[in-house]
Amino acid sequence: MPIGYYLVVAGLLFSIGSVGVLTRRNAIVLLMCVELMLNAVNLTLVAASRLWGAADGQVVAFFVIVVAAAEVVIGLALVVNLFWRRGTLDIDVASLLKG
Amino acid sequence: MLLLAQGPDASTAEVIGFWVFSVIALGGGIAMITFRNVVHGALMLVANFFAIAGLFLLLDSAFLGIIQIIIYAGAIMVLFLFVIMLLGVVRDDLLIERDRWLRAGAWTLGLLLVASVAVVFVGPYTADPSVCGSAGEVVPGSAEVRCAGLAEALRDTEQGSVGFAAERLFTRYTFAFEFVSLLLVVAIVGALLVGRRREPPMRPGGIPAAELSGGPLTDGVARGDGEATGPATPPHTHREGSTAAPRARGDGGG
């Protein structure tokens, strides 16, 4: 199967994730959309790994998974802290640094 | 069907699996960004992760498929669901009209992304067999160029997918691997610091709000001074007694 089909699916998943980031206001849904975008990139990397017959894409995808885990841990801690301080998950509320 | 006619080595199972898993993945993603219920959205994302794991399996990467299920669908999504249940924000009341221009811009940007993907990938990378570049080899007897793909590499190394990935992981990417472990430690410490509750809204002792809000810096300094002299002496002596007790027990044993 040509590699382009996997790339198209990955691009569509990335587009869905970016639209979700831009349209939703819930911070938890925002983090989930970021996870979706990271998974789309992982799919691209693994497809390239299959194409070139090398394990580098798989290794980089593994690193992406680990970094995504760390990002989720920090992000959810921030979300919980935001919810305790402001009482909402609306990301538009946290605009203290807005110029 | 166009895909079945791509080449003699394009197996039917991969084609069927690709369409099934990609439809599940795309549907899960769309459902995730449109559902109002956050828990339902998270479960749709779990379905999406399972489908992407299936795509990894189709791409001869069994190790990453299993890692995807264990870490993403197992650990990360459980963390998401745990936070959703902890905060009690199952129903998303924020799914209302944002700024109208921002929303229109978001959808325009999404459609632009889809269009650019279609232009860049669908034309050259789905039909052209020369997609594999320099790694391709011409199949004798026909004009088809076949890639030296991962299945051939796995067959050459006579290892599983785990050994194939781990060999590269622990040779070329050793420093990155170590730094990633350091990153995980930093993430744990950071989550403990950020997620800590500094000013709880209700204290069991009923401390007045003026003391809670009145100057945390001077309050901390005063409490630090007072611990050495004033009201902190009973726990201090108690701590000495508790440390003296094991020492005496150690003397008795020796």
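This is a predicted model: local features need pLDDT of at least 70, side-chain atom pairs count only at pLDDT 80 or more; totals for chains, interfaces and linings use all residues.
Residues are numbered from 1 along each chain as its sequence is written, with chains lettered from A and ligands numbered from 1 in the order in which they are written.

Start with helix H3 of chain B, residues 62-87. Helices here are DSSP runs of H or I, at least four residues, numbered from the N terminus. H3(B) has 26 residues and spans 36 Å from first C-alpha to last, close to the 38 Å expected at 1.5 Å a residue; that expectation is 1.5 Å times one less than the number of residues. Just after the helix, Gly88(B) has a positive phi of about 65°.

Buried residues of H3(B) include Phe63(B), Gln68(B), Met77(B) and Phe80(B). Buried means 20 or more other C-beta atoms within 10 Å of the residue's own, exposed means 12 or fewer, and partly exposed is in between, with C-beta atoms placed from the backbone. Their cover includes H2 and H3 of chain A, along with H2 and H6 of chain B.

Now the two chains. 64 residues of chain A are in contact with 78 of chain B, contact being C-beta atoms, placed from the backbone, within 7 Å. On the chain A side, H3(A) gives the largest share, 22 residues.

Last, Leu26(B), in helix H1 of chain B. Leu26(B) counts as partly exposed because it has 17 C-beta neighbours inside 10 Å. Leaving aside neighbours within four places in sequence, Leu26(B) contacts Val9(A), Leu12(A) and Leu13(A).

Key:
Helices (H or I, at least four residues) and strands (E, at least two) are DSSP runs, numbered from the N terminus. Two residues are in contact if their C-beta atoms, placed from the backbone, lie within 7 Å.
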